[in-house]
Amino acid sequence: GWNQIFKIMNPNRPDLHVHAEAALTRAQTARATYGIYCLYDDAANHADLLIDAASHSLITRAVVHGKPERDRSATLPTNFNFVSFHVFECDKSADTFHFRLDPATSHAIQLDRHFALHSGQMGVLASGATATFRAVSVN
């Protein structure tokens with residue numbers, strides 16, 4: 001199952017910046033998924049940025065008004081270390097979400113998406129292993 005923690009924030013703010021650093025704390029990377037809810041209103045309305053160890057990929061996922069959006073993914077570098085801390089970032093302006101992993105590195109990944117999501121809170125989530133989160137901030 002999913003382990004989730006949420007940070008309450010202003011649900012009506014038009015601009016959002018989420019920063020979190022995360023690393024797996026157990027060597028169960030074969031089935032681990034972990035990351036952030038950039039915006040989470042409820043199970044029928046959320047946008048997520050996730051590392052999926054099984055597929056060795058970074059995934060953006062969303063559900064809008066109860067309808068799952070198509071996932072978009074990018075392959076992680078071959079030397080990606082799941083037990084090192086990685087930076088997850090998400091910026092939102094109007095309906096545009098900019099999802100980033102490790103933005104200040106040579107292996108940075110950015111995926112841009114458009115979702116009609118306007119309210120909610122930030123959260124972190126993990127499934128299949130234990131993840132440690134630090135330096136979580138919402139601006």
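Predicted model: local features only at pLDDT ≥ 70, side-chain atom pairs only at ≥ 80, totals over all residues.
Residues are numbered from 1 along each chain as its sequence is written, and side-chain values use heavy atoms, with hydrogens and water left out.

The protein chain has 0 helices and 12 strands, where helices (H or I, at least four residues) and strands (E, at least two) are DSSP runs numbered from the N terminus. Read along the sequence, the pattern is accordingly β-β-β-β-β-β-β-β-β-β-β-β. Of the 139 residues in the protein chain, 48% are buried, a class defined by under 20% relative accessible area, with exposed meaning over 50% and partly exposed lying in between (1.4 Å probe, protein chains only). The accessible surface of the protein chain comes to about 6800 Å², and 49% of that surface belongs to carbon and sulfur atoms; these areas come from the Shrake-Rupley method with a 1.4 Å probe, and for residues only the protein chains shown count as cover. Among the contacts (heavy atoms within 4.5 Å) with a separation of 6 or more, 61% are between residues 24 or more positions apart.

Strand S3 (residues 33-42) has 8 of its 10 residues buried, so S3 is largely enclosed by the rest of the structure. Pairing of strands requires that DSSP finds at least two bridges between them. S3 is joined to strand S4 (residues 45-52) by 8 bridges, the two strands running antiparallel, and together they form a hairpin with 2 residues between them. Within this pairing, Leu 49 of S4 is the bridge partner of Ile 36. S3 also pairs with S11 in the antiparallel sense, here over 6 bridges, and Tyr 34 stands opposite Ala 126 in S11, while Gly 123 in S11 is the bridge partner of Tyr 37. Strand S11 (residues 121-127) has 6 of its 7 residues buried, so S11, too, is largely enclosed by the rest of the structure.

The largest nonpolar core contains 34 residues, of which Tyr 34, Ile 51 and Phe 97 touch the most other members. S3 gives the most to this core, with 4 residues. Such a core is a set of buried Ala, Val, Leu, Ile, Met, Phe, Trp, Tyr and Cys residues joined through side-chain atoms within 4.5 Å. Leaving aside neighbours within four places in sequence, the contacts of Phe 97 include Cys 38, Leu 39, Ala 47, Cys 90, Leu 111, Phe 115 and Leu 117.

Cys 38 and Cys 90 are themselves joined by a disulfide, with an S to S distance of 1.9 Å; a disulfide is taken as a pair of cysteine sulfur atoms within 2.5 Å, and by this rule the count comes to 1. Cys 38 lies in strand S3 and Cys 90 in strand S8 (residues 86-93), so the pair ties together parts that are 52 residues apart in sequence. The torsion about the S-S bond is about -75 degrees, so the disulfide is left-handed. Cys 38 is buried at a relative accessible area of 0%, and Cys 90 likewise counts as buried at 0% relative accessibility.

The structure holds 5 aromatic pairs. Rings of Phe, Tyr and Trp (its six-membered ring) pair if their centres lie within 6.5 Å, and planes under 30 degrees apart count as stacked, over 60 as edge-to-face and the rest as tilted. The ring centres of Tyr 34 and Phe 88 are 6.0 Å apart and their planes stand at 70 degrees, so this pair is edge-to-face. The pair links distant parts of the chain, with Tyr 34 in strand S3 and Phe 88 in strand S8, 54 residues apart, and both Tyr 34 and Phe 88 are buried. Ring pairs also link Phe 97, Phe 99 and Phe 115 into a cluster.

Thr 75, in strand S7 (residues 72-75), counts as exposed at 64% relative accessibility. Thr 75 lies 24 residues from Ile 51 in sequence and 9.8 Å from Ile 51 in space, C-alpha to C-alpha. With neighbours within four places in sequence left aside, Thr 75 is in contact with His 56, Ser 57 and Ile 109. Pro 77 lies in the loop between S7 and S8 and, with neighbours within four places in sequence again left aside, is in contact with His 56 and His 107. Pro 77 and His 107 are 30 residues apart in sequence, and their C-alpha atoms are 7.0 Å apart in space.
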